[in-house]
Every structure is written in C-alpha cells, then in structure tokens.
Amino acid sequence: MEIRELHRLEEFHEAFRLFDGIWRPDPRNPPVPVELMIAFAHGGGYVAGAYEGGRLVGASVGFLAAGGALHSHVTGALPGLGAGSALKLHQREWCRARGLERITWTFDPLVRRNARFNLVKLGARPEQYLECFYGVMADEVNEGDESDRLLAVWRLDRLTEGPAEVSYPSVLADAGGRPAIGPAEGRAVLVATPADVEALRREDPGAAREWRLATRATLGGLMASGARVTDFTRNGEYVVERD
C-alpha cells in the first residue's frame, strides 16, 4: 500500500468521493469540502491518501494545531484493507519530520472498534469528553444521534501496550444490550460500550439513545470531575481512574 500526500485538484476530488461513499452525507454537509482540503494542503497541513493497486482506498485530512500538534480532522478508509492504520503511521512520521509531538482527533465513544484501535493499537488517550460537539450531523453513519465525542491525544513518544486485563467495578455495564448504570465506587472503574452502536442505531434507536445518555452521564461525568481514561479492555470497556 502506498501512502502519499495529495496535491492535485483531481486527487482532492477523488478523496471527496471516497468520503462521500463512506459517510453518505447530505450534500450540504460533506465531511470536508474540496476547497478546505486545498487550503489545508497549501497552508502546510496534512492531506494524504492510501492507494492500493492505483486505487484510492483511504484518505486523511488534518491541520496544524496549538501546542505543537496536528489535529486529524477526518480519516476515512474502505474496510478490511488496513488503510486507516497505514494512514495513522504515516501521520506519525509526517509529524516527527516536522518536530510535532502530538496528534489529536475526535471519535465517538460508543464505537467500540474505534476506541480499541485508538487506545490499544495506537496508544492514544482521551483527554476531553465533548458533548454534542458537531451538533446535528446529516449523514448515514451519525443520523438520529447526538455527536458526543472524545478528544484523543496521541503523544508520539508513547509506547503501545496490549489491552488491559483488569477487574474493577463497572459504573456502566452491558445488561443484555442495554446500558446499566451502577455506583461509581473505587479509585478505578469500568465504562462499557455497546457491541455495535451503528447497527443499534438502525435496529433499535431507543437503545442507542440510552447508551448515548448513559455514557455521557458516566464517562463524561467522570472526566469532567478530573478522572482519566487510562486503558481499554478486551471486553470493550474504558478503564477510568481517579487521581
């Protein structure tokens, strides 16, 4: 797989079409317009594509942020090819070559596979819970849900570890597909995620909303009070520790 920065107008349009096929947004609400990709690339930001056999299978768009960081605004990839992981590793080397120390991005705390990838494979850590961060999002992936996000911070000198093997009390558990909130006792607690929130949004929107509100109350509440997300378990739970 070839990862390279994009510079030509036709490449930006190709990335736009890729994003459109992944999110299927309302035409008035694209993940990132072509004009913005052009501006970011021209201004020294990060706009790159992943190619396999000459075909664009992933793309990522980011901009320089305060404190020596790249903020990775949008990354989209076709499933099963490893393009998302390859783009993140390319971002890391791109940042190191420019003396940047961190990469930040947002992700939905309910999407288990993304949480596992971000925390376990890359070693990023959520540092903020952002309630309804993007407002209403008119696309097939997020439609009908509120856009709560975690701000992931990937410190590029951090070593990755395997998933956590811990036994802490659960402040939010999965009870037959529904969220069950328990007492937040102990220095460290677990916050569960649904097995597949994207399918749940389609099949049982009420249950998906219960997960959103329960996660906001537990994980969001804990982080607002100063607790830190320190890991992610094999069972799909955030490990949250109080100082």
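Modeller: Let us begin with accessibility: C132 counts as partly exposed, at 29% relative accessibility. Buried means under 20% relative accessible area, exposed over 50%, and partly exposed in between, for a 1.4 Å probe and protein chains only. This is a predicted model, in which local features need pLDDT of at least 70 and side-chain atom pairs count only at pLDDT 80 or more, while totals for chains, interfaces and linings use all residues. Residues are numbered from 1 along each chain as its sequence is written, and side-chain values use heavy atoms, with hydrogens and water left out.

Colleague: Where is C132 found?

Modeller: C132 is in the loop between β6 and β7; helices (H or I, at least four residues) and strands (E, at least two) are DSSP runs, numbered from the N terminus. The backbone of C132 also deserves attention, for the residue has a positive phi of about 45 degrees although it is not a glycine. A positive phi, near 90 degrees, belongs to G123 as well, the residue that follows α4.

Colleague: Is C95 buried or exposed?

Modeller: C95 is buried, and its relative accessible area is 0%.

Colleague: How many disulfides does a search of the whole structure find?

Modeller: The search finds 0 disulfides, where a disulfide is a pair of cysteine sulfur atoms within 2.5 Å.

Colleague: Please show me how to read a helix. Which residues of α4 are buried?

Modeller: Helix α4 covers residues 112–122, and its buried residues are R112, A115, N118, L119, V120 and L122. An α-helix has 3.6 residues a turn, so residues three or four places apart point the same way.

Colleague: At what angle do α3 and α4 pack?

Modeller: The angle between α3 and α4 is about 50 degrees, and their axes are 12 Å apart. Axes are lines fitted to C-alpha atoms, for helices over the stretch in contact, and angles run from 0 to 180 degrees between N-to-C directions. Helix α3 is therefore oblique to α4: angles under 35 degrees count as roughly parallel, over 145 as roughly antiparallel, 65 to 115 as roughly perpendicular and the rest as oblique. G84, S85 and K88 of α3 make the contact with F117, K121 and L122 of α4.

Colleague: How far apart are the axes of α1 and α2?

Modeller: The axes of α1 (residues 9–23) and α2 (residues 34–42) are 9 Å apart, and the two helices pack at an angle of about 125 degrees. Helices α1 and α2 are therefore oblique to each other. On the side of α1 the contact is made by L9, F12, H13, A15 and F16, and on the side of α2 by V34, M37, I38 and A41.

Colleague: With which residues does E146 form salt bridges?

Modeller: One partner is R209, with 2.8 Å from N to O. This pair links E146, in the loop between β6 and β7, to R209 in helix α6, 63 residues apart. Another partner is R216, whose closest N and O atoms to E146 are 2.9 Å apart. R216 is also in helix α6, 70 residues from E146. As to accessibility, R209 is partly exposed at 41%, E146 is partly exposed at 24%, and R216 counts as buried at 16%.

Colleague: What of an exposed residue, such as R234?

Modeller: R234 has a relative accessible area of 54% and is thus exposed; its place is in the loop between β11 and β12. From R234 to G45 is 35 Å in space, C-alpha to C-alpha, and 189 residues in sequence.

Conventions:
Salt bridge = Lys/Arg side-chain N within 4 Å of Asp/Glu carboxyl O. Contact = heavy atoms within 4.5 Å.
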